[in-house]
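Here is a short tour of the structure below, written for reading alongside the 3D view. Have the viewer open and follow along.

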Amino acid sequence: MLDVKLRRLFTLLSNVLGIGIEPVLVNLSKGHAVESFPLLKEGQGRGQGQEQGQGTPMDSHRRSHSNSLLPFEICENSKPHHHHHHHRSRSRFKSGQFDDGFYVHEANARSVYINDPKRTNENYEFTGNEIRTSSYTLLTFLPKNLFIQFHRVAYLYFLAIAALNQLPPLAVFGRTASLFPLLFVLCVTAIKDGYEDWRKHRSDRFENNRECLVLQEHGNFRPKKWKRIQAGDVVKISADEMIPADIVLLGTSDQSGIAYIQTMNLDGESNLKTRFARQETVTAVTSESCGVTGVIRCEKPNRNIYEFAANMEFNGNKIPLNQSNIVLRGCVLKNTDWLIGVVVCAGQETKAMLNSAAAPPKRSKLEIYMNRETGWLSIFLFVMCSAVALGTAVWLVRHKQQLETLPYYRKTYLNLGPHFGEVYRYYGIPMEILFSFLSSVIVFQIMIPISLYITMELVRVGQSYFMVEDMDMHDSSCGLRFQCRSFNINEDLGQIRYIFSDKTGTLTENKMEFRKASVFGKNYESSIPVPPAVKSKRRWKLKSEIPIDYDLMTLLQKEEDPSSEERVAAHDFFITLTACNTVIPVVNGSRPSKEDDGVVSIDYQGESPDEQALVSAASAYGYTLFERTSGHVVVDKNGEKIRLEVLGMHEFDSVRKRMSVVIRFPDNAVKVLVKGADTSMLSILANDKDSVWHATQTHLNEYSLEGLRTLVLASRDLSEEELQAWQSAYAEASTALYDRATKLRHAASLIECKLKLLGATGIEDRLQEGVPDTIECLRQAGIKVWVLTGDKQETAISIGVSCKLLTPDMHKIIINANSEAHCRDLLVEAKARYGVRPSGKGHGNGKCKTVADLGKEEEEDTAPMALIIDGTSLVYILEKEAESELFDLATACRVVICCRVAPLQKAGIVNLIKSRTDDMTLAIGDGANDVSMIQMADVGVGICGQEGRQAVMASDFAMGQFRFLRKLLLVHGHWNYQRLGYLVLYNFYRNAVFVFMLFWYILCSAFSTTSALTEWSCVLYSVIYTSIPTVIVGVMDKDLSQKTLLQYPKLYGAGHRQEAYNIRLFWLTMIDTLWQSLVVFLIPVLTYQNSSMDIWSLGSLWTIAIVILVTVHLAMDVNGWILIMHVAVWGSIFITYGCLIVLDSIPLLPNYWTIYHLACSPTYWITILLVTVVALLPRFACKVASQILWPSDIQIAREVELVVDSGNANNIGIACLTTIGPLIVRTNVDVWGEGQHAGGVVQATRERREIDVAACGWRKRFDTMPITDEVSMQNMFQIHRQTQMRQPQIELYVEFETVEAEGTQNDLEVSDDRNAVYERMNSDSDEDFEATYEAGDEDEDGDVGVETAAENVVVHPSTSQPMNVPRFMREVDLDTMHAPEFPEYSNIGIANLEDGEFWIGMEYSSRKTVVAAIRSYTIARGVDYDVYESEPQTFYAKCKMYARGCDWLIRASLIRKKGCWEIPRYNGRHTCSMGVISQDHSKLDSDTVAEAIRPLVETDPSIKVKSIIAEVQSRFNYTISYRKAWLTKQKSIAKVFGDWEESYQALPWWLSVIV
Amino acid sequence: MMEPHSAPTPKKYSKKPKYSKFSQQELPAWKPILTPGWVISTFTVVGIVFIPVGLASLFSSESVEEAAIRYDDKCLNEIHAQNAVAFIKNDMTNKTCTTSWTVERKMQGPIFIYYQLDNYYQNHRRYVKSRNDKQLVNPASEGDTTNCYPQDKTNGSMPIVPCGLIAWSLFNDTYKFWVNTKSLTVNKKDISWGSDRSHKFGSKVYPKNFQLGGLVGGAKLDENIPLNQQEDLIVWMRTAALPSFRKLYGKIETNLEVNDSVEIVIENNYNTYEFGGNKRLILSTATWIGGKNPFLGMAYLFVGGVSLLCAIVFILLYVIKPRPLGDPSYLSWNKNPGHLK
């Protein structure tokens, strides 16, 4: 009783004050329930924890593993409102996120009395539904905010310094000045926090004051505010309303009790999910009343949104409730008119609120190092302060006798009066020493660069802005931007050594496509387009078309012999596909039963894309699922409706790895339909391994080799006894409140046995765009990519091959053991065989060495190894000492693929690397199963994919595609790292040089801690005078352009080697700092040594000198000057002057007017100049010397950029091409454009191999070699491999010759059948075309014929087929390509042809425009010219009739200064008239025309060739040949629709054909 | 009716970033690279600029005529030399002393008269702070003697104007000059900063209770002259930066010819004997660079020279160890630098 009162009091208090009494309360009330669990449960709580007690034999090894991993703390009792600044006290929710409360005993259940909130809340077990995400109230804001802010050590330091300064003997600075920085920072932060909190308040208020219908005492629903809702209330939600609390469904508008909800606010998934009201209660609920009374006993509130365990006592029955009966707060009711439910958890106890904790904060490696150096700085500070204190001591002792009378000390009052003889501010020598020490701490306070922390935050925000804004990392396909969720670890991106990648959804698209099926031992492939006959029968329209296999279709529709074994198996196969899933069909908006005629569109909503793919596929084969309730499913089998009664469903779980339903067919037969992973399925099949079994096994292997995801389907008839045994077990298990998952699994095992194999499915999960290139690029950058996947080994390997992780020349080490000893043996054996040296003992000094060794090993490049290891083996390894063996082996391997790993094993592997090396790790994944890994790695990247937002919520960075990783790491990571590394060093320097200078002066002032600088200058120095350029440079300086960084991925190694920030650099900087501080102190002192210089003038000089010095120092290190930097850097000097002028204009300050006096004297200025030059001279000289003697990679790359930018080198080629890959194949445009028919290109190269390789070096050094046979081809690649860096690309020039197309056709080994089809069409049409054209008549018929042919050729393949000729192959003009373009001039040179003549001095934007202008001029005049000179920087042409009656010549050249093309020479009009050109003009080539008709093609790709001829006629006044027009059209279509990425995709294919 | 379930993505992140050179970090940038040309020309330019500047300042420093006469020891006769402190503290002794000096080179007027004190820590924190700027400028706040301890009030608790140790220890030696038995006028106007006179020292503030305490620190002030005309005080109150400093005493507006014999009569009142401080009298002309100080000129010459030397060294370095600019064969992962052709 007392307890209750106490609690009430607390509640009252906490409501009034709005402060965190709650946690205390929770502790009080929970008491024993708060347990900390040091062990980590695996399987993300999908019921796996339960196996602790009674695992099935199958799981025994897993169980032994489950207490293996990391000692995570699980905090059950999460504090609902956490604070942003409360880093340290925030509990870390690692994998505890999904703990299901299996350890809570039945006795701890909470009782909710339906529709009796009073009784429910008697014990104050429940919180109200009012939520508070805000941290403060008006009253508590100031103290609480300050309290939180002072959790930062930096602020405490500030505070301590400011407090020291308030002591009378120590008041070095004025009181205001010393408080200024602290107050400033506190105010800014407080305002920011206050604003944020105000917004939270506003949204909270909005949430709390929402209204909802609640069943009141009078038995009808009345609106009530959300905050008044209590547990036990019965609420009614209408469609599209948000759910106010966690409620258990009692009934819905649907007869069967289904409610559709959207859970986007919870997990980000946009598809609809179903929730069911129990059949027992549905009938007792109407839209206006609720006749349900009873008790719900439910588990304690927890954060697991996928689990709910409760039961309901209703009408004397105990009804089980699970996750499908509960609707969580934050969800939205969709597609259901209303639902009625009872509130079981409200307010802060709802799962949504419990889950709103942020990810644990991470600290970047650089920051950790930085803190180490800050330690050094503290030591410096201590040493300096001690020196001052010691000096004071010596001085005081020496002057002990004079202290009373020294005019500048005067320790006693000597004026007669009350104070006579009293000691004035003198506390004895020991105290004076202490005070001297403390006051020097105050003076030297900025030695510890507190402002650095603030600067870093600002810089990181700026860097994040650039990452978020990067268009290259914007996923246009789903419109997602890059997201920075963590601002603390930007620079870690520049030092990543290991990438741990999930496969599904990360490397692959996770858009499942049903590709192959093995039915009853026969393989069917859905690759042939659907015959129209089959198509017409379909009445269901799916969202996407699914190609089907005709054979299978015929088998299914075979009328005769319906009971053949194969036929039945096929039938069951599709019934299983249709019924054994959790997919919800959403039928075109209305109830499916009413739609009997016409085509109805159907959309499948499901939690797993695999299931959606399977159901869609089944529908394509005529088995359409169109209704699903908790009790039955209705399948439309080619128009015949089959209602299947669902007796029970065992959902998929990660232990069983299968799912089963028990179905009663209309003919009363009962079957269990099972689908699952092959390993879990093959063991529970009936024992006879017949031919079907073998065939299916073969197919499964084939499928996984192709990288398909496989599922095995099986079924069994259940006898009545079995059914009953199962039913009772199932009923008991499903009503169990705790341990339900284990009991259900047990029930499932009763029927999931002796199954009959039906077949298997193969679902394709396509690789994401650009994955292989990205991986290649990352590998070149020295990053190891490990793939951790839950898929099986074969699939994993095949994906590894297809994304270029595994190459044929690799030694594959496969660890696939089933016992610990076996595992160890395999590891040891592998190590011995491949000569892997054991690395240092893992910790301590060994760490760094390992990194270096690894680098070397990689360089040696003998035989790359790949390690493939499966989850079972990992269980043994990660648990025991074999870990180090694995580590040695894995780090020696170039590739590691772990398959079949559980989510927590992923984290374990990450931890393996993280704990044994200093290397940075990055984990990337998209699903909930990657969360643990993402949180464990140093950097976690989430992919916003199909699997919801769990990964994104846990990640530090989130993006749309795997390939963005390349830019993220190589470009942004590099920049961030370089910028921040420099920033830190510079900040150390900036503050230290100032402090050292003060220190030297103090030595000249009898150790009395005087500062010549005014106190305001001391304070403003790091806040205003020098801070702005630091931030700007930290955010915007670029050492290398993005192009270079992507071109040379190895430049990323700078981050690995810690080039931007390391202890050596720190010490060098400190030595430099010492020198600079001496210079800046001594030169003014020596200059003014015997002068009447006063202290404030000298201080003013020092202030300016040091600001200029520090700024010029920064300017010297800026890599790329943009306007903003000029403004910031030079502006900060002006700002300093401005501040000084303002400060010196206040008569009350002692430094009044000094700056004006100083500025009049030339000595002042030449002193500043001298200080700056002398201080920086050694630094400059060292910098230059080191760049000459030991150039860094970055330095060389910068020079390369310079050389390239200055334009006389043509080695870079097209930017987007070089970024894509090392090898580029080009064909010469003219050969292609005017050459032979399109289909012939490949054959030509195969036949003749007349290929020249131009290995272009720097500065136009071209080496060419002819490729004539296999050997020279090998040679070429050999050379390329060796000189990859210097010669980033090879250009292939292909010379074509006429070739008999027919004969060589068959030689092509094209793997993809569709290619073959298109190719056939392609070549056919060419022949058609030739035939038509050769016939010479361009009559209507011919036109039509060609038209269709052309359509076939061009339009189809241009979208995705590799056969299509890449765009760049058609429009390559080497000269134009290398000529720099100046887009800002693009508008000139087009309109100035009024009279059609050129004049000298005319300007054009690019070479292209000049040539185009000359061309169109020529065409318009009906003349022609010969090109005399065509260089990247010049173009020189003369009339064809030159010296034969015409002297027209033109010369255009690049004027670098202006950045445009100019005509320096032009010889007037043509005096000739060729007159002969009428049919066609030689300069009117297909390129020119293609450009001209491009708009036409863009609007209508199927434009007729005739229209093109007409258009050309009207524009150029020439009739071009039909043939040219046709080619033209092709070209412009390629220009319009082709794209670089696609063409690059075709590259490997090209190469494979050539080689 | 059903709503279409087209995947709605969070609005905040779904916007496509807008292209701008700024946001894509593609702003045109000047990328300075330390090419040989740049390096050598930088050093050369520094050398070329510094050497003339150095020569100019050295010449002008040399053209300054300066005479320094240390008199703290000279003005002690042998009797008092043993007990200088007692001598100086004794009000009754005659502290006048005479010294003479012959002009070696012609000194163009105006000639600045400085006194120089050594080992006198005017920059000591206790000392620097011991003043009250409000009191100095505003007659209304003459009672405000914050920071002035222990020279804030007389024994009758009357505020001292000007208060504080600085004022209290006002320098009180005086000099008189005779050239060829003719008295030289020492101009003591305009020896302090005009800004100090107009804004820091009030025209209506008169010294009060000054030097009435038990211990007299230095000069006394005429109570009838407002502070802003007490230029010696104003000069003194602008505390020196270093323990050895000069302060302007006055100006001689006439020229001093070669071999002029200057007789200097010094009232040696100021007590520096107690802490071993030296006193000097300086007569100096001035140029644009200020007084005589060869340091700047030498430093400039030295730096200019070093800079030229550096230029030569780097030229040699580029010749001996040439590295083609931007040659990728020097990249660390290319194993044979300089040998790839």
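## A covered strand in chain A

Strand β32 (residues 920–925) of chain A is mostly covered, with 6 of its 6 residues buried. In this predicted model, Met920(A), Leu922(A) and Ile924(A) point one way from β32(A). Thr921(A), Ala923(A) and Gly925(A) point the other way, and all of these residues are buried.

Which strands pair with β32(A)? One is strand β15 (residues 496–501) of chain A, which runs parallel to β32(A) and is joined to it by 5 bridges. If you want a spot to look at here, Ile496(A) stands opposite Met920(A). Another is strand β33 (residues 939–943) of chain A, paired with β32(A) in the parallel sense over 4 bridges. In that pairing, Ala923(A) stands opposite Gly940(A).

## Around Val112(A)

Now move to strand β1 (residues 110–113) of chain A, where you will find Val112(A). Is Val112(A) buried or exposed? Its relative accessibility is 0%, and because buried means under 20%, Val112(A) counts as buried.

Beyond its neighbours within four places in sequence, Val112(A) is in contact with several residues, among them Thr120(A), Phe126(A), Ala231(A), Cys298(A) and Val343(A). Ile296(A) is also one of these contacts. The C-alpha atoms of Val112(A) and Ile296(A) are separated by 5.0 Å, although the two residues are 184 apart along the chain.

## Chain A as a whole

Stepping back, chain A has 56 helices and 42 strands. It has 1555 residues, of which 60% count as buried. Among its contacts between residues at least 6 apart in sequence, 73% join residues at least 24 apart.

## Where the two chains meet

How many residues of chain B are in contact with chain A? There are 107, and they touch 127 residues of chain A. The area buried between the two chains is about 10,600 Å², and carbon and sulfur atoms give 62% of it. In chain B, the residues that lose the most area to chain A are Gln25(B), Arg126(B) and Trp333(B), together 8% of what that side buries.

Polar links cross this interface too: 3 salt bridges are found, and 33 residue pairs are in polar contact. Asp1094(A) forms a salt bridge with Arg238(B), with the closest N and O atoms 2.9 Å apart. Helix α10 (residues 295–320) of chain B gives the largest share of the side that touches chain A, 9 residues. The residues on that side of chain B divide into 56 nonpolar, 26 polar and 25 charged.

## Backbone details to look for

Two cis peptide bonds in chain B are worth a look. The bond from Gly109(B) to Pro110(B) is cis, with omega near 0°, and Pro110(B) is found in the loop between β2 (96–102) and β3 (111–117) of chain B. A cis peptide bond also joins Val161(B) and Pro162(B), with omega about -15°. Pro162(B) lies in the loop between α6 (133–137) and α7 (165–168) of chain B.

Thr1009(A) is buried, with a relative accessible area of 1%. Asn119(B) is partly exposed, with a relative accessible area of 28%.

How values were computed
Residues are numbered from 1 along each chain as its sequence is written. Chains are lettered from A and ligands numbered from 1 in the order in which they are written. This is a predicted model: local features need pLDDT of at least 70, side-chain atom pairs count only at pLDDT 80 or more; totals for chains, interfaces and linings use all residues. Side-chain values use heavy atoms; hydrogens and water are left out. Contact means heavy atoms within 4.5 Å. Buried area is the accessible area (1.4 Å probe) that two parts lose on being put together, summed over both. A salt bridge is a side-chain nitrogen of Lys or Arg within 4 Å of a carboxyl oxygen of Asp or Glu. A polar contact is a pair of N or O atoms within 3.5 Å; within protein, one must be able to donate a hydrogen and the other to accept it, and residues adjacent in sequence count only if both atoms are side-chain atoms. Helices (H or I, at least four residues) and strands (E, at least two) are DSSP runs, numbered from the N terminus. Ala, Val, Leu, Ile, Met, Phe, Trp, Tyr, Cys and Pro count as nonpolar, Asp, Glu, Lys and Arg as charged, and the others, Gly among them, as polar. Buried means under 20% relative accessible area, exposed over 50%, partly exposed in between (1.4 Å probe, protein chains only). Two strands pair if DSSP finds at least two bridges between them.
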